[in-house]
Amino acid sequence: MPPGPAAEDRAREDVRARLARRFPDTPSEVLDAVLAEESAAFASAPLRYYVPVLVFKRVCRRLAGDGPAGAEAGGEPS
């Protein structure tokens, strides 16, 4: 059974909090915008359990400037 909406909301809040701790100098509006963009990439993902982990990794990569966010999904490596 896939996680329900409440579980996904909690996971999204956890990812947001972890990102804020990891990138304290990043303005919240930038963090929220990147988080929303990366989350949208997985909106139709059939396996929901791994979405928070994938979103976290992609946002970290973008905010750290370590290359394209899609590298772990088969994009160009950094």
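The structure is a predicted model, in which local features require pLDDT of at least 70 and side-chain atom pairs count only at pLDDT 80 or more, whereas totals for chains, interfaces and linings use all residues. Residues are numbered from 1 along each chain as its sequence is written, and side-chain values use heavy atoms, with hydrogens and water left out.

The protein contains three helices and zero strands, where helices (H or I, at least four residues) and strands (E, at least two) are DSSP runs numbered from the N terminus. Along the sequence the pattern is α-α-α. Of the 78 residues, 22% count as buried, a term that denotes under 20% relative accessible area, with exposed over 50% and partly exposed in between (1.4 Å probe, protein chains only). Among the contacts with a separation of 6 or more, 45% are accounted for by residues 24 or more positions apart; contact means heavy atoms within 4.5 Å.

Two packed helices are described by the angle between their axes and the distance between the axes. Helix H1 (residues 5-22) packs with helix H3 (residues 51-64) at an angle of about 25°, and their axes are 10 Å apart. H1 is therefore roughly parallel to H3, the term applying to angles under 35 degrees, with those over 145 counted as roughly antiparallel, 65 to 115 as roughly perpendicular and the rest as oblique. Axes are lines fitted to C-alpha atoms, for helices over the stretch in contact, and angles run from 0 to 180 degrees between N-to-C directions. H1 contributes Ala11, Val15, Arg18, Leu19 and Arg22 to the contact, and H3 contributes Pro52, Phe56, Val59 and Cys60. Seven of these contact residues are nonpolar, none is polar and two are charged (Ala, Val, Leu, Ile, Met, Phe, Trp, Tyr, Cys and Pro count as nonpolar, Asp, Glu, Lys and Arg as charged, and the others, Gly among them, as polar).

Within H3, the buried residues are Val51, Val55, Phe56, Arg58, Val59 and Cys60. Their cover includes H1 and helix H2 (28-40). Just after H3, glycine 65 adopts a positive phi of about 70°.

At the other end of the chain, methionine 1 lies in the segment before H1. Methionine 1 counts as exposed because its relative accessibility is 89%. The C-alpha atoms of methionine 1 and arginine 48 are separated by 9.9 Å, although these residues are 47 residues apart along the chain.
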